[in-house]
Amino acid sequence: MSTSLISSWSFSTWKEFQKCKHKVYLDKVAKAPKPPIESTEDREHPLIRGTRIHDAAELYVTDNVELLSELKHFKAELDHLKDLHSLNQVEIEQPWAFNENWGVTNWSSNDAWVRAKLDALVKYNENSCVVIDYKTGKKWGNEVTHNLQGQLYAVMAFLKYPVLEYSTVEFWYTDQNEMTTKTYTRDQALRFLPTWTQRGKDVTSEVEFKANPSAIACKWCPFGSNVGTGVCEYKI
């Protein structure tokens, strides 16, 4: 591999890149086969469950469908979103894309370098917004990762809306009935921009994609030898 074969990235791609670069290569470049995402009689696959709950939250806000039982703890917040949506102050499933110079571009454009899809964006006025991300997994043990994700979302919000002065990032942990909230000023958020620029360049300029095998990581890897297809030559 003499040149990088990854032209764009997202937070989830960067996160996996930190764990094992070869896993990203197998997924994004080699397009190696993965096991099918399926639920069993006694367990709903986490990805299927996450998609189902995200879709239900979206439809409750936009189409007034019945509230899913797994979202009952956030009924008041979702009702507030519904009211704001009727006033055209909420955008759902926002696909954001930026080029390598952090200029706003289209999701499907050839120059799209970094992408993010927001669950909900509330714009109270031209100076302040709230970015909302629904989390169906565990909060515990993911605090650092989610804080980094929030930093990136805040950076993107200020770049997308030049007159924005304040951006709040909220993570709604639907399983734990918890919420984290952090507000950034423009200056605070844009301090993270050089770091995220370098992180993106690390992903999109990689040429070696070295593996980082471990018993735990390989056990749950879709290309590993337990739940995976076993195609990775470095699997433990």
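Ile37, Leu47 and Ile48 together make a nonpolar surface patch of about 260 Å². Patches are built from residues with over 30% relative accessible area and no salt bridge, with like charges joined within 9 Å and nonpolar side chains (Val, Leu, Ile, Met, Phe, Trp, Tyr) within 5 Å. Accessible areas come from the Shrake-Rupley method with a 1.4 Å probe, and for residues only the protein chains shown count as cover. The structure is a predicted model, in which local features need pLDDT of at least 70 and side-chain atom pairs count only at pLDDT 80 or more, while totals for chains, interfaces and linings use all residues. Residues are numbered from 1 along each chain as its sequence is written, and side-chain values use heavy atoms, with hydrogens and water left out.

Helices (H or I, at least four residues) and strands (E, at least two) are DSSP runs, numbered from the N terminus. Leu47 has a relative accessibility of 52% and therefore counts as exposed. On this scale, buried means under 20% relative accessible area, exposed means over 50%, and partly exposed lies in between (1.4 Å probe, protein chains only).

Helix 3 also takes part in a helix pair. Two packed helices are described by the angle between their axes and the distance between the axes. The axes of helix 3 and helix 4 (residues 75–86) cross at roughly 45° and come within 8 Å, so helix 3 is oblique to helix 4. Here axes are lines fitted to C-alpha atoms, for helices over the stretch in contact, and angles run from 0 to 180 degrees between N-to-C directions. Angles under 35 degrees count as roughly parallel, over 145 as roughly antiparallel, 65 to 115 as roughly perpendicular, and the rest as oblique. The crossing of helix 3 and helix 4 is right-handed; this term applies if the near helix is turned clockwise from the far one by less than a right angle, and left-handed if anticlockwise.

A second pair is formed by helix 1 (residues 11–19) and helix 5 (residues 143–160), which pack at an angle of about 140° with their axes 11 Å apart. That angle makes helix 1 oblique to helix 5, and the crossing of helix 1 and helix 5 is right-handed.

Salt bridges come next. A search of the whole structure finds twelve of them, each being a side-chain nitrogen of Lys or Arg within 4 Å of a carboxyl oxygen of Asp or Glu. One of these joins Arg52 and Glu70, at 2.8 Å from N to O. The pair links distant parts of the chain, with Arg52 in helix 3 and Glu70 in the loop between helix 3 and helix 4, 18 residues apart. Arg52 is partly exposed at 29% relative accessibility, and Glu70 is partly exposed at 21%. Both residues belong to a network of salt bridges that links Glu44, Arg49, Arg52, Glu70 and Asp175.

Another salt bridge connects Lys34 with Asp27, whose closest N and O atoms are 3.0 Å apart. Lys34 is partly exposed at 43% relative accessibility, and Asp27 is partly exposed at 24%. Asp133 and Lys135 form a further salt bridge, with the closest N and O atoms 3.0 Å apart. Asp133 counts as buried at 7% relative accessibility, and Lys135 is buried at 14%.

Val130 is found in strand 5 (residues 128–135) and is buried, with a relative accessible area of 9%.
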